[in-house]
Structures are given as structure tokens and as C-alpha cells.
Amino acid sequence: MELESNTTGRGGGGGRGMSKSTKKVLLIVNCILLSLGSACGPLVLRLYFLKGGKGVWISAGLETAGWPFVLVALLASYLYRRRTDGPGPEPTKVSFITWRLFLASAVLGLLTGLDDYLYASGVSYLPVSTSSLIIASQLAFTAVFAFLLVKQKFTAFSVNAVFLLCLGAGVLAMHASGDKLANETKGQYFMGFFMTVGAAVLYGFVLPAIELTYSKARQNVTYTLVMEMQMVMSLFATLFNVVGMIFHHEIQTMPKEASEFELGKVGYCMVLIATALVWQCFFVGAVGVVSCGSSLLSGVLIATFLPVTEILAVFIYHEPFGAEKAIALVLSIWGFISYFYGEYKHTKKSTHTSE
């Protein structure tokens, strides 16, 4: 699979970027990764708290702590390029990210770290069903910021999709108060509620900001460059939460927390690893969909799979599944179909015009 093609040789800083066929394949792969992370991420994160975990900063850091997996993918990409380039006067380029993009990625990473903390705080107080429905409102914020930052063009189908997906979240919100956990105060419930809303607003801004960064890159945005930027973002997001862990003494309490964890020490480690891996799938998929599609498409996919999380929570955590969740699921599927039918018609029209 072609990840980048240098027009100026192996030492050059340019490249033709991704071909259309490569872009389609990568879009499908990243949609799968994003779908997996969107559906399973909240479940594994909630499992940490349900089984005795108490570290909000720990759980926030875990959301991006899987960045070394990206490093492995980048190493494989480098070895592939070196093998296909063959011998030459200049060495194969190790990295494509510039200092300008590195700094932009670092800032986006710090914002992502803050978003992770807000979301982890909300999940610690709210059941999966409630936190998921609040996060679904992120699509509305993504649409607004995409219009303001990258001049996202809307069709009747995309507007309909945003409306239906947000309506599904609203239907669930009408029943949210009945999901308050046992032994939880109203203050804790509302703290979790507003923290999760804050996470939805912030990540609704981050996705279009990433798309804006790609458009202002002043170089060809290859998939390898996308992965390099994602690794930097995840690294700085993790560092942000590690600082919080240190100041709140959560690192020192990890051995005690592991010994008291309901699933045992091995189970504790497995939950941490699974959380890092699943959420890295989410973030890699999110930036990949932004680079191969758009920030709005990324937001649509995240909102679409939240009802799937609701259904999984019913079977795994025995959370109630009422009529409002069934309605929200139908609305999400309807919105999903509406968006992609609009994209299909747009692509068909563009192809017909070019001919």
C-alpha cells in the first residue's frame, strides 16, 4: 500500500500525497478503527471505575497512553519505504513532520489531554448510557466549528444527518436523570454531567482544528505524516495527564489500587492495557477519517456508534434499555444512512460532471 510517494527523491520534503484508491482504502480502515473505539472505548473506561478504580487522571492518561503502538506502525512504514526506495545517494527520510506541525500537534495534544480529563471525570460519575448520550451532542459542536474553521459545506443530507443524530441524543437526555448511580449525590451527578458536556464541546473544536492544521501544512499530507502528528498529539495529551497524576499522587496509589481491584492484579493490568489500546484505535481512526474524509464525517461516525455503546452496556453492565434508547438507535441509523446517501449522490454527480 502506498503511504507516500516522493517526487524529489528519498531526501526530499515533498510528495504526491495519497492516491484516490489509497485514500479510499485508508478511509475504510480508519472508519473501522474509529467505530471500534467509539463503541468499546466508553465500556472499558467505565469497567475501570466499576471494578474499584478511582484514578481520574490515570483513566484520562490511558486514553492516549497507547501512542507507542503508533510508533510501531511508523517504524514499519519507514522500513517499507527504505526497502522500496532501494539504494541511492540520499538516505530514506525518517520523519516528515516539520517543527511548525510539531508545535501545532503539541498544542492540539494538550487540548486533547484536557478533553480526556473532562471526559474521564464525567465517566467516573455517570453510567455509560448517560455519558454516551451527552457525548453525542459533540456532533453539533463539530458541525459549528467545522463551518467556522474550515468552511465546511453542508448539503440537505448532511444537515438532516446532524439533526437526526442530535435528536437521538436529545431523546436519550429526556430520560438521563433516571440513570443516576446509587449512593451518588446530585452534586456529583451534575458535576459529571457538565464535565462531559465540556468534553463534547472541546473535542467538537479539536476535530475541525486538526483538519485546519492539515490544510495549512504547506506540504503534502501523507498518511505517514498524519500518524506522526497523531503520535505527537497523543504524547503531549498523555504528558498533560501524567502531570495531573503526579500532583494528585495517583501514581503512588496504583499498587494499592491494583491489589484491591475486583478482577485482581492481572485483571487490573489487562483493563489498563485494553483501555489504552481501544482508545488509541479511536484517536488514530478519528484523525485518519479527518485526513481522508472530513472532521464532520468523523463526528458523524462518533455519534452514530454511541447507541451501539448503549446496547452493549445493556448486555455487559445490565443497564436498562427503554423505548427512548430504541428510538435513539433508529434515529442514529437513519442519520447515518442519510449522510452517506448524500455523499454517494455527491460523488456520483461529481463523476458525471467530470465525464
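Is Gln 230 buried or exposed? Gln 230 counts as buried, because its relative accessibility is 2% and the limit for buried is under 20%. The model behind this answer is a predicted one. The protein has 13 helices and 0 strands. Of its 355 residues, buried ones make up 50%.

**Overall build**
- Take the contacts in the protein with a separation of 6 or more: residues 24 or more positions apart account for 84% of them.

**Gln 230 in its setting**
- Gln 230 sits in helix H9.
- The side chain of Gln 230 is joined to the side chain of Ser 234 by a polar contact of 2.7 Å.
- Residues up to four places away in sequence are not counted in the next list. Gln 230 touches Gln 280, Phe 283, Val 284 and Val 287.

**Leu 43 in its setting**
- Leu 43 belongs to helix H1.
- Leu 43 is buried because its relative accessible area is 6%, and buried means under 20%.
- Setting aside neighbours within four places in sequence, Leu 43 is in contact with Val 128, Thr 309, Leu 312, Ala 313, Ile 316 and Tyr 317.
- Leu 43 and Val 278 are 235 residues apart along the chain. Their C-alpha atoms are separated by 10.0 Å.

**Cavities**
- The structure holds 3 cavities of 30 Å³ or more.
- The largest cavity has a volume of about 160 Å³.
- That largest cavity is lined by 16 residues, and the closest to its centre are Tyr 119, Ile 135, Gln 138, Trp 279 and Phe 282.
- Several helices each supply at least two residues of this lining: H1 (20–50), H4 (99–125), H8 (186–215), H11 (264–292) and H12 (295–316).
- By type, the lining of the largest cavity divides into 10 nonpolar, 3 polar and 3 charged residues.

**Where H8 meets H12**
- Helices H8 and H12 pack at an angle of about 145°. Their axes are 9 Å apart.
- On the H8 side, the contact is made by Tyr 203, Leu 207, Pro 208 and Glu 211.
- On the H12 side, the contact is made by Ser 295, Ser 298, Gly 299 and Ile 302.
- The residues of this contact divide into 4 nonpolar, 3 polar and 1 charged.

**Two loop residues with positive phi**
- What is the phi of Arg 218? Arg 218 has a positive phi of about 60°, although it is not a glycine.
- Arg 218 is placed in the loop between H8 and helix H9 (223–247).
- Arg 218 is exposed, because its relative accessible area of 74% is over 50%.
- His 249 also has a positive phi of about 60°, and it is not a glycine.
- The loop between H9 and helix H10 (254–260) holds His 249.
- His 249 counts as partly exposed, because its relative accessibility of 48% falls between the 20% and 50% limits.

Key: Residues numbered from 1 in each chain as written. Predicted model: local features only at pLDDT ≥ 70, side-chain atom pairs only at ≥ 80, totals over all residues. Heavy atoms only, no water. 1 Å grid on protein atoms, 1.4 Å probe; cavity = no way out; pocket = protein on both sides within 12 Å on 5 of 7 lines; lining within 4 Å. Points joined across faces, edges and corners; volume = space filled by probe spheres on them. Helix = DSSP H or I, 4+ residues; strand = E, 2+ residues; numbered from the N terminus. Nonpolar A, V, L, I, M, F, W, Y, C, P; charged D, E, K, R; others polar. Buried < 20%, exposed > 50% of the residue type's maximum accessible area, 1.4 Å probe, protein only. Axes fitted to C-alpha atoms, helices over the stretch in contact; angles between N-to-C directions. Contact = heavy atoms within 4.5 Å. Polar contact = N/O pair within 3.5 Å; in protein donor to acceptor, adjacent residues only side chain to side chain.
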